[in-house]
Amino acid sequence: MYDCSLITVPQHEDEVAEYDWENFPPSMHRKGKTSFCIIDECSGIEGKLIARTAFVHGQVRGLVFAEHVTVEPTGRVDGVIFCRKLTVLGSVRADVICDNVLVRNGGRLSAALKYRTIKIEPGGMVGGKFQRRVTIDGQASTPAAGAGIPRAV
Amino acid sequence: MVEKTGEQGPEGAVFIGAGVELKGEMTVPGSATVDGRFEGALNAKSLVVGQTGHVSGEINVEIAEVRGTVGNNLVVRSRLVLRSSGAITGSCSYSKIMVEEGGELSGSIEKIAPAEPEQKVVSIQRGD
């Protein structure tokens with residue numbers, strides 16, 4: 001069992017860019033096994049949510065730090081999201097740093113977003129300030145590293 | 001006697017081929033296809049930016065499909081499609097959007113109210 005309080009939450013964009021998701025404690029701990037966290041429709045969290053895979057049907061206000069985050073149609077996240085893959089079917093109003101973003105039909109993403117790849121399906125809605133993180137020789141480069149960094153709460 | 005007015009004839013279109021550079025102001029009632037380079041102000045019903053195309057300036061169109069690059073202010077009153085080879089930088093407003101994986105969307109993005117459908121004027125006159 002890992003201790004969540006010992007997990008260092010990235011504070012800078014470059015820390016997220018270089019984050020070793022293979023050694024992300026929630027991923028390592030359940031390697032090869034299915035593990036996930038569900039915030040159901042009637043639940044809300046204020047604070048930090050750290051998980052390997054998070055499905056948000058309810059509300060999260062604060063930080064979501066996970067390898068995969070799915071905000072379901074009834075879900076809402078306000079705050080900061082650090083993740084590898086973000087799927088939005090519900091509502092996200094946050095500072096987001098991630099590798100891949102998928103906004104599906106009905107999803108609303110209002111964000112200061114730094115991403116590597118983005119896909120928006122018809123019916124998805126996006127807004128805010130977007131910036132693509134450029135990769136050079138497989139290394140993430142952050143030309144504006146240090147600027148506009150979302151701070152973990 | 002029944003007479004219809006407001007029907008439009010064939011809509012004028014413009015094509016800027018690869019290697020062609022154009023600066024200035026254009027109003028296109030139909031489709032503007034850009035495989036070359038355009039800088040300036042563009043008002044059109046539809047805009048198609050090819051893979052080799054680059055458009056920048058004040059762009060105001062009803063629908064747009066982007067395979068090349070678009071910079072500065074892009075306003076799409078209806079549907080914006082960003083293909084995997086396309087990139088939009090600068091400020092961009094849209095009513096409906098679709099982005100393929102690989103497409104680059106950078107800058108300030110804003111959703112606007114959908115354009116109201118054009119109302120055709122039909123006048124009916126009764127003859128004696």
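Leaving aside neighbours within four places in sequence, which residues is B:Arg79 in contact with? Select B:Arg79 and look: the contacts are B:Ile63, B:Ser95 and B:Lys96. Contact means that the C-beta atoms, placed from the backbone, lie within 7 Å.

Some ground rules. Residues are numbered from 1 along each chain as its sequence is written, while chains are lettered from A and ligands numbered from 1 in the order written. This is a predicted model, where local features need pLDDT of at least 70, side-chain atom pairs count only at pLDDT 80 or more, and totals for chains, interfaces and linings use all residues.

**Stop 1: around B:Arg79**

Colour strand 7 (residues 79-82) of chain B; B:Arg79 is found there. Strands here are DSSP runs (E, at least two residues), numbered from the N terminus. B:Arg79 counts as partly exposed because it has 19 C-beta neighbours inside 10 Å. The cut-offs are 20 or more other C-beta atoms within 10 Å for buried, 12 or fewer for exposed, and partly exposed in between.

**Stop 2: where the chains meet**

Show both chains. Chain B brings 16 residues to the contact and chain A brings 15 residues. On the chain B side, strand 10 (96-99), strand 11 (104-105) and strand 12 (107-111) each give two or more residues. Strand 12 of chain B gives the most, with 5 residues.

**Stop 3: across the chains**

Select strand 8 (residues 125-132) of chain A. This strand runs antiparallel to strand 12 of chain B, and 3 bridges join them. Finish on A:Phe130, which stands opposite B:Gly107 in strand 12 of chain B.

Notes. Two residues are in contact if their C-beta atoms, placed from the backbone, lie within 7 Å. Helices (H or I, at least four residues) and strands (E, at least two) are DSSP runs, numbered from the N terminus. Two strands pair if DSSP finds at least two bridges between them.
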